[in-house]
Amino acid sequence: MEKTQLQDLLGQMTQAEKIDQLQQLMAAFYSEKAEEKTGPMGDLDLTEENIKNAGSTLGISGAKEAIRVQKSYMENNRLHIPTLLMADIIHGFRTIFPIPLGLGATWDVAAAEKMAEISAKEAAVSGLHVTFSPMVDLVRDPRWGRVMESTGEDPFLNSRFAEAFVKGYQGEDLTHDFMRVAACVKHFAAYGAAIAGRDYNTVNMSERQLRESYLPGYHAAIQAGAKLVMTSFNTVDGIPATGNKWLFRDVLRDDLGFEGTVISDWGAISEMIPHGVAANEKEAAELAIKAGVDIEMMTSTYSHYLAELIAEGRIDAGLVDEAVLRILELKNDLGLFENPYRGADETAEAALILCEDHRQAAREIAEKAIVLLKNEAVLPLKATEKVALVGPAAASNDVLGAWSWQGQKAEAISLAQAFAKDQSVVSGTETFDYFTPSEAAVAEALTLAKTADKVIVALGEADWMSGEAASRTDIRLPQAQLDFFKKILAVNENVIVTLYNGRPLDLRELDGAKAIVEAWFPGTEAGHALKNILTGAVNPSGRLSMSFPESVGQVPVYYNTDNTGRPYESAPDEKYVSKYLDCSNYAKYPFGFGLSYSNFNYSQLTLSSDTMTASESLVASVTVTNDSAVAGVETVQLYLRDLVGEVVRPLKELKGFQKVSLAAGESKTVRFTITEDLLRYVHPNQIASSDAGSFTLTIGGSSVSGLSSDFQLIK
Ligand code: GLC
């Protein structure tokens, strides 16, 4: 449909029909099963007419159900406007990929795009039109349960992944390519900065820090074409995002240039009442529509009060028209007016869902996500060794992680299943509980461990221990697992720990392990991917995208920190410097870190010049050598430091990375072009620009290693 036709359609709509288009309701409202029509149905106090004409729904899936709902909806809608079917497809639809914190550890944007493309295909044939992804909230606090949904602590890395997700979901022609879905970037804004890592808590930061560190990820998704933005539950400078006019009209629309649809998070409009900025639903509705929130998810303040607010002259009817028009444009961008059923297709659904190609992609991406944190010459396993596989996660299918909605744990491969045919690896048969292991399970494990050359101790969080509303103040493994680990270590010193978890953990109590393998929640192909890493069939290449603290007491601890006026490094023996009495200042496993079975060396860092200008870029080159007998993949990382700024500048900032495959003994020259835009930062005037002056460039295999050289920006 042409835009003018959408305007005509808007003109034909009654005020009630317009307001209904702004309503989003959960699947239960459209269920054929009467028993599902309970709970929130009554709370929202909506009429059958409201329900029939609600502009979108969330949580419907399955081609048959989607077709039924759309058919019924269009028959009942006077103007036959199609509805929008949305859902949370965060790291896979039915084929589940590693959680986004694991995807971040791949440092492989092509892998992220592939994941999104496959997710979109499986979702589209199941009848969905929109995914509430990518979540690009920058995170620095592992107490927060939703760090699992983020790609990590760095604005540059998050931005590259945001672009890749949107491209994978939406493709090049969303209107006609029915194997794609619209992307909804979330949660705008700075949800990851909740005070004390407690979900939904207040966010307090300067506008400058918001623009410098937290907005780039959303901006990258918008520039990549994301069709929707979702509001965040938290406040931004004292005002809940969902009613924050400055945030959504001045920043999102004017500064970041977003022209698409804004959707509230679940219930977030009504939550402005407990937040204390709205006395009642009517005031909440007024704040939200004035802020530019187009779709109200699962509360009904718009339905109940917008007409009244217009009649009283408290809001202009044009605010409703602009919101409805954006929703009609979204439906049009998805081709729904011409093809209301879009990709929904039961035959294609049966062929594509969880097909072998998708499982293989999930396995390969899970392998890339796994980070080898420690290895004292015990990995890879040798086929001749006798290995005991013990612990609660050994035979567990709790490997999908939070936000794996349609994923089925029963379809996932456990580590024990992956090793089932290997004569050299022996697993227990007792069920091993994550929190209260039976004496029989522990006894069986000890028996296996005593006679093994090496012991794989598979530990982890349960999936409900991270994700939404899953903040933890103690970020260690469950005590029973730590106690079990010590018992195994007492009978066999060659312990390899594997981890399934949704956040950086405090791993100090595992220091006795000779190897630690971070697998996150790897997804449907968990066991196959982890086995391939442990046996060396695949050389680990993951690098952390979020720091692992020594202790939760350090949190937030992150690599791109400021130097302070009393830097510990300049006087480590001094009392009055920035340090702790009882812990180091540093992450135990830092951003960008990960081991390999290869050994990569850096040499010959050279700059094309030691000065550059806004128009004359500079090229840095370095030689990377794999001086081992094992081919591998290194993630070469470029960091810059602005030595003097109008504001304090971080010790280092990631400004580029390249994944480089190196055969045994091979060397390659890796080049980075430094352009002036990489030197910009948000000044006190809230505008990003660069200053003439000195910079240090570092290229290496993590945020704590590499070769450095200085250069000048001349203006
Ligand atoms: C949840 C989450 C949001 C999700 C939405 C719909 O509360 O905050 O990320 O997309 O509701 O499920």
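**Ground rules**

I worked on a predicted model, where local features need pLDDT of at least 70, side-chain atom pairs count only at pLDDT 80 or more, and totals for chains, interfaces and linings use all residues. Residues are numbered from 1 along each chain as its sequence is written, and side-chain values use heavy atoms, with hydrogens and water left out.

**Entry 1: domains**

I began with the division of the protein, which gives domain 1 (20-348), domain 2 (357-554) and domain 3 (598-713). These bounds come from an automatic or database domain assignment. Taken over C-alpha atoms, the centres of domain 2 and domain 3 are 34 Å apart.

**Entry 2: the largest pocket**

Next I looked for open space. Here a pocket is an open set of points on a 1 Å grid over the protein atoms alone, with protein on both sides within 12 Å along at least five of seven lines, and lining residues have an atom within 4 Å of a point. Volumes are the space filled by probe spheres set on the points, with grid points joined across faces, edges and corners.

The largest pocket holds about 1,000 Å³ of space. I found 37 residues in its lining, with R211, E212, P216, R680 and V682 nearest the centre. The elements giving two or more residues to that lining are α8 (155-170), α9 (207-223), β21 (653-662) and β23 (681-682). Helices (H or I, at least four residues) and strands (E, at least two) are DSSP runs, numbered from the N terminus.

Which element gives the largest share of this lining? My note says α9, with ten residues. By class I recorded 15 nonpolar, eight polar and 14 charged residues. In this scheme Ala, Val, Leu, Ile, Met, Phe, Trp, Tyr, Cys and Pro are nonpolar, Asp, Glu, Lys and Arg are charged, and the others, Gly among them, are polar.

Why does the largest pocket lie between domain 1 and domain 3? Because both of these domains give residues to its lining.

**Entry 3: the second largest pocket**

I then turned to the second largest pocket, with about 770 Å³ of space. Its lining has 28 residues, and Y559, T561, E569, Y586 and L651 are the closest to its centre. Both β20 (632-642) and β25 (693-702) supply at least two lining residues each. I sorted the lining into 13 nonpolar, ten polar and five charged residues.

**Entry 4: the ligand**

How many residues surround the ligand? I got 13, and the closest are D88, R146, K186, H187 and D265; a residue is near when one of its heavy atoms lies within 4 Å. By class, this shell has seven nonpolar, one polar and five charged residues.

I also checked polar contacts (pairs of N or O atoms within 3.5 Å). The side chain of K186 has an N or O atom 2.9 Å from an oxygen atom of the ligand. For H187, the side-chain N or O atom is 2.6 Å from a ligand oxygen. D265 places a polar side-chain atom 2.6 Å from an oxygen atom of the ligand. Taken alone the ligand exposes 310 Å², of which the protein buries 92%, by the Shrake-Rupley method with a 1.4 Å probe.

A cavity is a set of grid points where a 1.4 Å probe fits but cannot get out. I counted three cavities of 30 Å³ or more. The largest cavity has about 60 Å³ of space. Its lining includes I90, S133, P134, E149 and F165, and α8 gives the most to it, with four residues. Eight nonpolar, three polar and one charged residues make up that lining.

Most residues other than glycine have a negative phi, and most peptide bonds are trans. I noted a cis peptide bond from S133 to P134, with omega near 15 degrees; P134 lies in the loop between β4 (130-131) and α8. K186 and H187 are also joined by a cis peptide bond, with omega about -5 degrees, and H187 is in strand β5 (residues 182-188). Finally, W107 has a positive phi, near 50 degrees, and lies in the loop between α6 (100-104) and α7 (109-125).

Notes
Polar contact = N/O pair within 3.5 Å; in protein donor to acceptor, adjacent residues only side chain to side chain.
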